[in-house]
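Welcome, and please load the model in your viewer. We will go from selection to selection and look at what each one holds.

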Amino acid sequence: MLDGEVPFFDLQASQPLAELAAAVQTVLASGRFVGGPEVESFEREFAEFTGARHCVGVSSGTSALQAALLACGVGPGDEVITSAATFVATAAAIVHTGATPVFVDIDSQTRTLCPARLADAVTPRTRAVVPVDLYGHPADADAIRRIADRFDLAVVADAAQAHGGVYRGRRVGTLADATCFSFYPSKNLGALGDAGAVTTDDPYIAERIRRMRDHGRGSSRDSCTVAGHNWRLDAIQAACLRVKLRHLQEWVTARREIAGWYGRELGGYGGLLPRPSADVEHAFHLFVVRHRERDFLRKALAVAGVATQIHYPRAVHQMEPFIRYAPREPGSLSGAEQLAKECLSLPLYPGMTPAQVRRVGQAVAEALPS
Ligand SMILES: Cc1ncc(COP(=O)(O)O)c(C=O)c1O
């Protein structure tokens with residue numbers, strides 16, 4: 001990296017190395033590498049952080065989604081409604097339960113599942129809805145809950161990008177029947193490898209996931225009640241997640257502060273900035289601006305030494321494995337398709353400095369003279 005360049009992401013400020021090394025050392029000394037006290041303590045502490053009654057640690061955000069859907073009774077013949085603007089794993093998890101994903105459009109302000117479109121998409125086969133807290137913006141949980149209750153649907157939230165988000169005073173993790181988190185290293189709370197978790201207030205859902213993640217076994221090692229999976233969380237990841245969880249609130253606060261700096265820096269470019277709903281405290285996993293000339297802007301920023309990414313260049317129903325689930329009516333997912341054409345993720349990570357945000361602002365100003 002040259003002097004003055006702004007990386008897209010820098011993990012260093014959110015890696016308390018000495019604390020992590022001590023946590024790994026504890027696990028090495030214990031000899032318990034899968035499950036055990038570190039996993040149980042992390043589950044207790046993450047449940048406490050979110051305010052949920054139960055947390056079940058699993059091997060990734062994708063296994064969290066699949067386990068939560070199965071625990072809510074989703075299976076072959078069912079339809080599961082989700083947002084067309086998401087990472088492919090949301091749709092893949094639905095497909096792997098044997099259910100059919102049904103994509104609905106986003107609300108253009110929040111970029112999350114549009115509740116009015118949700119109601120229109122329900123059929124007698126609909127079993128569940130998966131709202132996605134895209135980029136860290138919590139979905140409209142109360143409106144979604146009202147529709148889910150009307151049609152008796154389970155709500156399984158995909159909060160892989162929203163650790164620390166808040167909706168109407170309630171933390172993400174408590175807003176659905178089951179909430180799925182990813183702890184992929186670059187997430188707001190990231191492990192040192194793959195990991196995930198489901199939070200829920202429902203002891204039945206928690207128990208089903210516990211069984212499913214461990215080969216269908218219950219409290220006895222020798223009994224097996226369902227054909228399960230190996231979706232267990234390992235102890236080294238749990239120990240490291242416990243260390244990082246102690247810093248999570250401070251890192252989410254830093255993300256919000258940096259988003260505020262961007263707001264001041266780029267406020268003159270009307271449609272560019274994200275406009276979070278007044279109902280939420282955004283978790284700002286990603287800071288995603290929109291521009292019609294996105295590819296031009298991206299190239300100009302790259303020349304100026306500002307790294308950017310695109311989340312995601314196509315809506316999920318435009319990705320090969322999911323094209324067959326795209327709705328027949330043209331234009332019904334135009335909000336998600338337009339977002340895919342215009343979105344650009346700017347650098348945002350704990351440890352980013354005001355000077356770096358100014359540097360990004362200058363690069364935008366040079367690219368888009370007003
Ligand atoms: C919205 C969303 N859902 C699901 C996942 C899958 O999580 P994982 O990579 O931990 O399986 C991700 C991770 O990138 C995600 O961003």
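The tour below goes from the domains to the ligand, then to a strand pair and the core.

**Before you start.** This is a predicted model: local features need pLDDT of at least 70, side-chain atom pairs count only at pLDDT 80 or more, and totals for chains, interfaces and linings use all residues. Residue numbers start from 1 along each chain as its sequence is written.

**Stop 1: the two domains.** Colour domain 1 (11–243) and domain 2 (246–367) separately; these are the parts given by the domain assignment of the chain, and such bounds come from an automatic or database assignment. Their centres, taken over C-alpha atoms, are separated by 24 Å. Next, select where they meet: 36 residues of domain 1 are in contact with 34 residues of domain 2, contact being C-beta atoms, placed from the backbone, within 7 Å. On the domain 1 side, helix 4, strand 3 (100–104) and strand 6 (166–167) each supply at least two residues. Strand 3 gives the most, with three residues. Helices (H or I, at least four residues) and strands (E, at least two) are DSSP runs, numbered from the N terminus. This side of domain 1 divides into 18 nonpolar, 14 polar and four charged residues. Here Ala, Val, Leu, Ile, Met, Phe, Trp, Tyr, Cys and Pro count as nonpolar, Asp, Glu, Lys and Arg as charged, and the others, Gly among them, as polar.

**Stop 2: the ligand.** Which of the 15 residues around the ligand come nearest? Pick Ser-60, Gly-61, Thr-62, Ala-160 and Ser-182; a residue is near if its C-beta atom, placed from the backbone, lies within 6 Å of the molecule. Helix 3 (61–71) and helix 4 (88–96) each supply at least two residues of this shell. The shell has five nonpolar, eight polar and two charged residues.

**Stop 3: strand 1.** Select residues 54–58. Four of the five residues of strand 1 are buried, so the strand is largely enclosed by the rest of the structure; buried means 20 or more other C-beta atoms within 10 Å of a residue's own, all placed from the backbone. Cys-55 stands opposite Thr-199 in strand 9.

**Stop 4: the core.** Finish with the largest nonpolar core, where Ala-68, Leu-69, Val-156 and Cys-180 touch the most other members among 112 residues. Such a core is a set of buried Ala, Val, Leu, Ile, Met, Phe, Trp, Tyr and Cys residues joined through C-beta atoms within 7 Å. Helix 8 (residues 235–266) provides the largest share, 11 residues. Both domain 1 and domain 2 give residues to this core, so it lies between them.

Terms used: Contact = placed C-beta atoms within 7 Å. Buried ≥ 20, exposed ≤ 12 C-beta atoms within 10 Å, placed from the backbone. Pairing = 2+ DSSP bridges.
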